[in-house]
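Here is a short tour of one structure. Keep the 3D view open and follow along.

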Amino acid sequence: MLSRVADSCFWLSRYLERAETNSRILDVNIQIALDFEENNDAKVRQQWMPILSTAKEQELFRQIHGEVTSEAIMDFVTFEKTNANSILSSMTLARENARTVREQISSEMWEQINRLYLYLQSPAARTAFRESPIGFFRLLVDNLHSFQGITDATMTHGEGWQFIQAGKYIERADSTSRVLDFKYHLLLPSGEQVGGNVDITQWMAVLRSCSAMEAYFKISHGHVTSWQVAEFLILHDTFPRSIRFCVDALDQALHSISGVDRGHFSNEAERLSGALRSNLAFTTVDSIFRFGLHQYLDQSQERLNEISNALAETYFRWT
Amino acid sequence: MAQGFFDRYESEGFFDEMFDGEGKVRPHYQRILERFTEMDAQTFERKRALAEKAYLNQGITFTIYSGDEGTERIMPFDLVPRIIPPDEWNLLERGLEQRLRALNLFLHDIYHDQRIIREGIIPLEIIRTAKHYRPELIGVDVPHDIYIHVCGTDLIRGADGGYLVLEDNGRCPSGVSYLLENRQAMKRVFPHLFSRYPVRPVDRYPQELLAALRYVAPHGNPDPTVVVLTPGIYNSAYFEHSFLARSMGIEIVTNQDLIVKDDFVYMKTTKGLEKVDVIYRRVDDDFLDPTVFRKDSMLGVPGIVNAYRKGNVNLANALGTGVADDKVTYYYVPAMIRFYLGEEPILPNVDTFLSAVESDRKYILENLENLVIKAANESGGYGMMIGPKATREEIEKFRAAIIADPRGYIAQPVINLSRSPCYCDGTFEGRHIDLRPYILMGEKTTIIPGGLTRVAMRKGSLVVNSSQGGGTKDTWVLDEGGQPC
């Protein structure tokens, strides 16, 4: 497979996953906002600003909107073209990548991406977004899920598909760690206790944004505690959005691409993913909390980044 | 109400594809007329919207550049098919085959012995000054002496309905994907029409193209690696490049995917370098190799021309075919047919005057307002002037240009292209059309039945190019014994 094609498969998949993550986070945040009606400016800021994860994004947001309102943030994260991480930007990049590999992916996959992109650009999307943001984000997530189904059902599960899997899982692992970290930055209002109502609602929102609530309650017997949620989202071995599951699937994809068995590595990307995978398999939530949850998530993101770079170095770069 | 659809239709003195001079429907359009008059405007509009939506969702678009942002447009598609009866098509087929045979012999001759110059048929000066002539390729042999593997020849019909060759596109003719997609769209929108007409299928084109490309592999390699080379996704024809690669099941590459080592061409893959044997390139000569042609090309592959000259890779179409595209060379094609084949041309040229010839130039300059003037090396409807429609300034501009560069222009009488009914704002009106058949030359010559019918969508316009607001129609060639059933 052409290196450029592999590169585009990998990135189109990452961008779609990124668009999905943003849709989920916005959806959940709206729901939290609805739970806590008394909205003063400080509260709004407190709840919505953490969505903008980097200082650069926050700066850009201030230049465009000035005032922090939930609508402004949602608009910025959804439709703002100059925000490289907005849903629209991610969809545009996903489509650009898909366009360059149209002959490698199935027509059905391309049409799904193209339709969704055209919809996001249309006035109909703005109207739906205004009328029911929750419905709007659900629709996006549904369509992105359809893409996953179409991909599995219509594309040969060969090398290109494996690069799509690698892109999806590396982005998803990263996204789950960011959602957890997002909660870490979400300060509790004064007077609220860790383990109190607001805290629990926030942790439940984190679960919901990962579509993990139902799966979580099956094993937690109704208790919501920070360490249990973190354990579930980081270390669960079969839940498809846990970091461990994603890294395992990433590692699997990498080995399918090289054809080397999983006990060994044949390049730097495989070595790094193998190391991260075994760390996740053999660590405990206690040791994560002792190390510091935020530090642990930060480090995981760093390691995912290294894997992504090593993958590019191995397969995409020719000089 | 339904009847009204064609009631007010007027041929206005032009040759009309569907109706004869007395306003009677031609027999091969009878069934179409019946089907369309059964429909009301809403139904027709719904069908039109359905076709349009399919094109948009599939991303069958081309890019128009204006300002800093390219916009993707769909090519306007008209739902009234253009129908060619079998006897007409047989004539076209023989004429096109003959013409391509002569052009290939001409290109081989020009890059080898130059007999046609030595024997005084074409002046040396004309060849030497042709913009796309490549002296770098003199003496270079290409597999099976085939230069133009894919030819798109533009045909028109004049006032009497006779077919004429307007130009030969022997470099990178585009548009074939529209031909194939138009057929798909018609089948989706009017499935029942196809059971009433014996329409010859077109969908084998990609396989025929691949067979032609495989046939010309270097050293007779029986299992060559064939790729499509595209300038990239921002090229206006990218959809077509990708469509063809997909339908042939081969890789589409950009220059960045290719690398030349020791005069062989390789593509960069996740498993290392893989040798490439045949490149169906949709990049013009000028941009192909910055070490040989334009130094500023960002689309080229350094060293590819040397690999080609050594016979280690083949390019389709060959380098240097543009000399046959030149509109001054066009003038000599009938002479080529007589010279190389000893045959009379089956399809005539449009009468052409060369401003490089003194007597012709005098005539041209005296009759600018009645003639069509074309720059010898422009395409896409650029660099031309239609005298009767031109302003005084335009005429004077072209006059000055011709005097300054007589070699650079030709003139032709205005041909009133044939018209076909097209759906325009709720009714049918006549619009001028042409026809671009695609001819493949490999082990045998294959012509896909029909071609791309292009439509000048603007009322009264004679310019059919997509860059100038042209649209397309599905083109039906009827099978032998082809009375509609």
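Predicted model: local features only at pLDDT ≥ 70, side-chain atom pairs only at ≥ 80, totals over all residues.

Helix α3 of chain B covers residues 41-58. At 1.5 Å a residue, its 18 residues should span 26 Å. The end C-alpha atoms are 26 Å apart, which agrees.

Now look around the helix. Where do the buried residues of α3(B) lie? Ala51(B), Tyr55(B) and Gln58(B) are buried in this helix. Seen down the axis of α3(B), the buried residues fall within an arc of 85°, so they line one face. An α-helix has 3.6 residues a turn, so residues three or four places apart point the same way. The face of α3(B) turned away from the buried side carries exposed residues: Gln42(B), Ala49(B) and Lys53(B). Just after the helix comes Gly59(B), which takes a positive phi of about 75°.

Next, a sheet. Chain B holds an open sheet of three strands, in the order β8-β9-β10. The pairing is antiparallel. The table lists its two edge strands, each of which pairs on one side only.

| Edge strand | Residues |
|---|---|
| β8 (chain B) | 258-261 |
| β10 (chain B) | 272-275 |

Strand β9 of chain B spans residues 264-269. Four bridges join β9 to β10(B), and these two strands run antiparallel. Tyr266(B) stands opposite Lys275(B), a residue of β10(B). From one strand of the sheet to the next, the twist averages 40°.

Move on to a loop. Leu462(B) sits between β21 (452-456) and β22 (470-477) of chain B. Is Leu462(B) buried or partly exposed? Leu462(B) has 19 other C-beta atoms within 10 Å. A residue counts as buried at 20 or more, so Leu462(B) is partly exposed. Leaving out residues up to four places away in sequence, Leu462(B) touches Ile386(B), Leu417(B), His432(B) and Ala456(B). The C-alpha atoms of Leu462(B) and Asn416(B) are separated by 7.8 Å, though the two residues are 46 residues apart along the chain.

Last, the contact between the chains. How many residues does each chain give? Chain A gives 18 residues and chain B gives 18 residues. On the side of chain A that touches chain B, the elements giving two or more residues are α1 (3-35), α5 (87-100) and α6 (107-121) of chain A. Helix α6(A) gives the most, with five residues. By class, this side of chain A has seven nonpolar, three polar and eight charged residues.

Key
Residues numbered from 1 in each chain as written. Chains lettered and ligands numbered in written order. Contact = placed C-beta atoms within 7 Å. Nonpolar A, V, L, I, M, F, W, Y, C, P; charged D, E, K, R; others polar. Buried ≥ 20, exposed ≤ 12 C-beta atoms within 10 Å, placed from the backbone. Expected span 1.5 Å × (residues − 1). Arc of directions from axis to C-beta. Pairing = 2+ DSSP bridges. Axes fitted to C-alpha atoms, helices over the stretch in contact; angles between N-to-C directions.
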